[in-house]
Amino acid sequence: MAGDKENVVEKDSLDTSSPLYMHPSESSCLVLVPVAFDGTRYRSWRRGVLRALLVKNKWERCDDMVTSWIPNSLSKDLADSLQYVNNAKEMWQELENRYDQTNGAKLYQLQKEINDLSQGTLDITGYYTKMKKLWEELNTLNAHAQCSCQCTCGAKANMHKAEQDRRLIPFLMGLNEVYTVVRGSMLMMNPLPSIAQAFPFSYKKRSKGKLNHKISN
């Protein structure tokens, strides 16, 4: 009976919110992200791993387990090159030094993909999603240039609005010709909508146009 009471107390005192708590499903074989990093698009992979670790409420206090998890999210060649690092911090820093380098070639590639993207055979949702993903990747690549200070003069808000306008124009330019009227309507707006606002506007206007066409026929 005494043993049973001790087991109950030990079970009840288990703090599942503690960073030291390890769920039975969390083993050294856990894969943090669905696609193994192979040396390309480091920023996207990095964000995915950090998000997974934050969700699990772990990093510094479960060093050995994290040191096991990170290689599971790398290609075999990259994982082998990191097998002699001492801890998770050293492993992470090694990856940062190797791959977290903004260069002109990456910027050029992403900007060219954005400029060349057009709706084509994609529906409006697919086109918006693809465009948004490219802008987010470019934004991640330029993370060092983003301002985090508190602004009271309004300059920061104006810069943000200018950036939103810069994203909207390629989106509108890439729309198929059936959206000509919708595109013209948005360009007449003052202020211009953001790309996030333009997407539902385009979708609703196009759907309404199809409905009116069916009724008239």
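In which helix is the place of Glu137? Glu137 lies in helix α7 of what is a predicted model.

**Glu137**

The relative accessible area of Glu137 is 11%. Buried means under 20%, so Glu137 counts as buried. Apart from neighbours within four places in sequence, Glu137 is in contact with Arg41, Ser44 and Leu110.

**The chain as a whole**

The secondary structure consists of ten helices and zero strands. Along the sequence this reads α-α-α-α-α-α-α-α-α-α. The chain has 217 residues, and 29% of them count as buried. Among contacts in the chain with a separation of 6 or more, 67% are between residues 24 or more positions apart.

**Helix α3**

Helix α3 covers residues 63-72, and within it Val66, Thr67, Trp69 and Ile70 are buried. These four residues are on the same side of α3, because they cover an arc of only 165° around the axis.

**Two helix pairs**

Helix α7 spans residues 124-141 and helix α8 spans residues 155-173. Helix α9 is made of residues 180-187. The table gives the geometry of α8 with each of the other two.

| Helix pair | Angle between axes | Axis separation | Handedness of crossing |
|---|---|---|---|
| α7 and α8 | about 140° | 11 Å apart | right-handed |
| α8 and α9 | roughly 160° | within 10 Å | left-handed |

With an angle of about 140° between the axes of α7 and α8, α7 is therefore oblique to α8. On the α7 side, the contact is made by Ile124, Tyr127, Tyr128, Met131, Trp135 and Asn139. On the α8 side, the residues are Glu163, Arg166, Arg167, Pro170 and Phe171. Sorted by class, this contact has seven nonpolar, one polar and three charged residues.

How are α8 and α9 oriented to each other? Their axes cross at roughly 160°. Angles over 145 degrees count as roughly antiparallel, so α8 and α9 are roughly antiparallel to each other. Here α8 contributes Ile169, Leu172 and Met173, which meet Arg183, Met186 and Leu187 of α9. By class, the contact of α8 with α9 has five nonpolar, no polar and one charged residues.

**Summary**

Helix α8 packs with α7 and also crosses α9. The crossing with α7 is right-handed, while the crossing with α9 is left-handed.

Terms used: Residues numbered from 1 in each chain as written. Predicted model: local features only at pLDDT ≥ 70, side-chain atom pairs only at ≥ 80, totals over all residues. Heavy atoms only, no water. Axes fitted to C-alpha atoms, helices over the stretch in contact; angles between N-to-C directions. Parallel < 35°, antiparallel > 145°, perpendicular 65-115°, else oblique. Left-handed = near helix turned anticlockwise from the far one by under 90°. Contact = heavy atoms within 4.5 Å. Nonpolar A, V, L, I, M, F, W, Y, C, P; charged D, E, K, R; others polar. Buried < 20%, exposed > 50% of the residue type's maximum accessible area, 1.4 Å probe, protein only. Arc of directions from axis to C-beta.
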